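These are my notes from going through one structure. I wrote down what I looked up, in the order I looked.

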There are 2 protein chains.
Amino acid sequence: MTSYMRFLYRPSVFCLTTSRKTVSLLHFDKKRPFSTSKPFPFTKGRFSKGRFGISLNIRSSMSSSTEKKVVQQVERILEGTNDDHGGVIVELTSEPLDPALFASSLKASLSHWREEGKRGIWIKIPIEFSNLVEHAVKEGFYFHHAEPKYLMLVHWLPSTANTLPANATHRIGIGAFVVNEKNEVLVVQEKNGKFRGTGVWKFPTGVVDEGEDICDAAVREVKEETGVDSKFVEILAFRQSHKSFFEKSDLFFVCMLQPLSSDIQPQESEIEAAQWMAYEEYVAQPFVQKHELLKYIAHICGKKKEGEYTGFSPVPTITGFSEKKSFLYLNKQALDL
Amino acid sequence: MTSYMRFLYRPSVFCLTTSRKTVSLLHFDKKRPFSTSKPFPFTKGRFSKGRFGISLNIRSSMSSSTEKKVVQQVERILEGTNDDHGGVIVELTSEPLDPALFASSLKASLSHWREEGKRGIWIKIPIEFSNLVEHAVKEGFYFHHAEPKYLMLVHWLPSTANTLPANATHRIGIGAFVVNEKNEVLVVQEKNGKFRGTGVWKFPTGVVDEGEDICDAAVREVKEETGVDSKFVEILAFRQSHKSFFEKSDLFFVCMLQPLSSDIQPQESEIEAAQWMAYEEYVAQPFVQKHELLKYIAHICGKKKEGEYTGFSPVPTITGFSEKKSFLYLNKQALDL
């Protein structure tokens, strides 16, 4: 038996049951869980609604003697949000989705989006559904970026050049120059990494978290590694380097901070030792003298200590378009701000 | 029939064939393709070699009457490179790998690495093998980062806190302030994006490619969008903003460039129009006046034009540890460089 039917999708969901030669549609409220021997494999949240009729191609070859619940091949348009660039963003939610159904729905959706003239199609697949990844790839999607809990794939539909934005390319790190009134600089020895066991005293350093401001990250890292409270003063310089982590690049900001406390409590997990060290003693270390980059930084820090250097200070601004607050780092002194 | 055997892996590869009750090992040169009805599912490149004996558990239940080639369940330790942090990096190569074999090999490998006290285990899966992703996830791996052609997964084995480095968190953008001797600034109207059709004239902007220096990216974008050659002068300021692209943050560097040519050829694909515009006319646009961030930038550019502002200039340095060349951006004027 092969049956084809077409209905308009509405906020409530239908399920097909067949009994011998009769075909009926069951209606149920999506707020109440739907139970069959095989769970209904999709919900409102994942499929488009209201905008158009949806073809339900239901092909069943069943014995005519027993009652069977059949939901075999339901091709529907995946629900997505339009983005600002003529594209669609599809976020798979947290319910299980049958891979075969996903594959056929994706195929149908792509046809539909092509007809609509859509450009970049994004699909966010949670890690729980990593079995769906290969099906998206088969339909022409490629990896865009990933975070611990999800993978974002994208498919550029037009025949024109792909203008999709690049993935994040840089990690942001900070090094903290914290100098007190006794001309002592706050330095640490690390338990791990390339300086372990070298006896080298270095500035506290760390990685800026996603969503964290550079000025906040510097204060946080100093506190975490040494227990010292501090106030952000300025970005003195920054270095860009490449292939620092797999293929990724790195921006390392040298920040000056003013200490607000002096007691040191080294971080148990990462820091072997921490201390206030005479600035000249820090600079005299062979490790600093040997490396061009560190010599530059020491030169800048020395000038800054004498009030003869100006870096970039954070000024809070509103990004006009999104109304989000963000920091603009600039030479405040030159602007008389 | 169940047979177990153990041999030491060597640069040449063995394959098992069975004929009735006899078991024999075929030796073949890996440089010559190996052909059976079912291709031999792994090669030297992907499995560890030389360091230890490898258990080959071969279980076959076959008819005793016909000759059969059997390579059913071969659990081997995946080959990896040790990293600097007590971890292992496994890169799957470009030959097909049976998912079930991958799953069992991965399981065996994890046991082995645990015994060895390994910490972070990285697996790089090319997009062609996206069917392997779910098997890595089942063994406890999570997504670390992805690029168009591969997905990097990682698994932290120790019971101590996960100290694996974060994924890249930022995209880097540039805006180019290109002003000529007639006090005209180079501006464009974009074909796509939020300014399309607004009539707004803006600085050329663009995204810094992975592995590209900020100063090079600014020169490249100006050339691409307008056809104008230019020389990088300084970073005047930069803005950090968050959640600018999914969860990712953004660093936008305002760069000053000196034009080396004047003829304009707008980029066909992205630029609606480009021109040299009187600086005062650019600043007077409501779009600039309305937005705090753009007003700040215009203020800085105005000061810079008058020689009353100093930003950061790139100075080439050697990063001491890796001997890589990289740019340090600093206030050159203050250092008398």
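Predicted model: local features only at pLDDT ≥ 70, side-chain atom pairs only at ≥ 80, totals over all residues.

The bridge partner of A:Tyr142 is A:Val154, in β10(A).

Next I asked which sheet these strands belong to. I found an open sheet of 5 strands in chain A, in the order β6-β7-β8-β10-β9, with mixed pairing. I then checked its edges, which are β6 (81-82) and β9 (142-147) of chain A, each pairing on one side only.

I looked for a helix against this sheet. Helix α1 (residues 99-115) of chain A packs on the sheet and touches β7 (88-91), β8 (120-126) and β10 of chain A. I recorded its direction as making about 160° with that of β8(A).

**Entry on β15**

I moved to strand β15 (residues 248-259) of chain A and asked whether it is enclosed or open, by way of how many of its 12 residues are buried. I got 10 of the 12, so the strand is largely enclosed by the rest of the structure. The cut-off for buried is under 20% relative accessible area.

I looked up its pairings. Strand β11 (residues 170-178) of chain A pairs with β15(A) in the parallel sense, over 9 bridges. As an example I noted A:Ala176, whose bridge partner in β15(A) is A:Cys255.

Strand β14 (residues 230-245) of chain A is joined to β15(A) by 11 bridges, and these two run antiparallel. Here I noted A:Arg239, with A:Phe252 as its bridge partner in β15(A). I also saw that β14(A) and β15(A) form a hairpin with 2 residues between them. In the turn, A:Phe246 has a positive phi of about 50°.

**Entry on A:Gln285**

I asked where A:Gln285 lies, and found it in the loop between α4 (279-284) and α5 (286-290) of chain A. Is A:Gln285 buried or exposed? I read a relative accessible area of 9% for A:Gln285, and the limit is under 20%, so A:Gln285 counts as buried. Leaving out residues up to four places away in sequence, I listed A:Gly199, A:Val200 and A:Trp201 as what A:Gln285 touches.

**Entry on the record**

Methods:
Residues numbered from 1 in each chain as written. Chains lettered and ligands numbered in written order. Heavy atoms only, no water. Pairing = 2+ DSSP bridges. Helix = DSSP H or I, 4+ residues; strand = E, 2+ residues; numbered from the N terminus. Contact = heavy atoms within 4.5 Å. Axes fitted to C-alpha atoms, helices over the stretch in contact; angles between N-to-C directions. Buried < 20%, exposed > 50% of the residue type's maximum accessible area, 1.4 Å probe, protein only.
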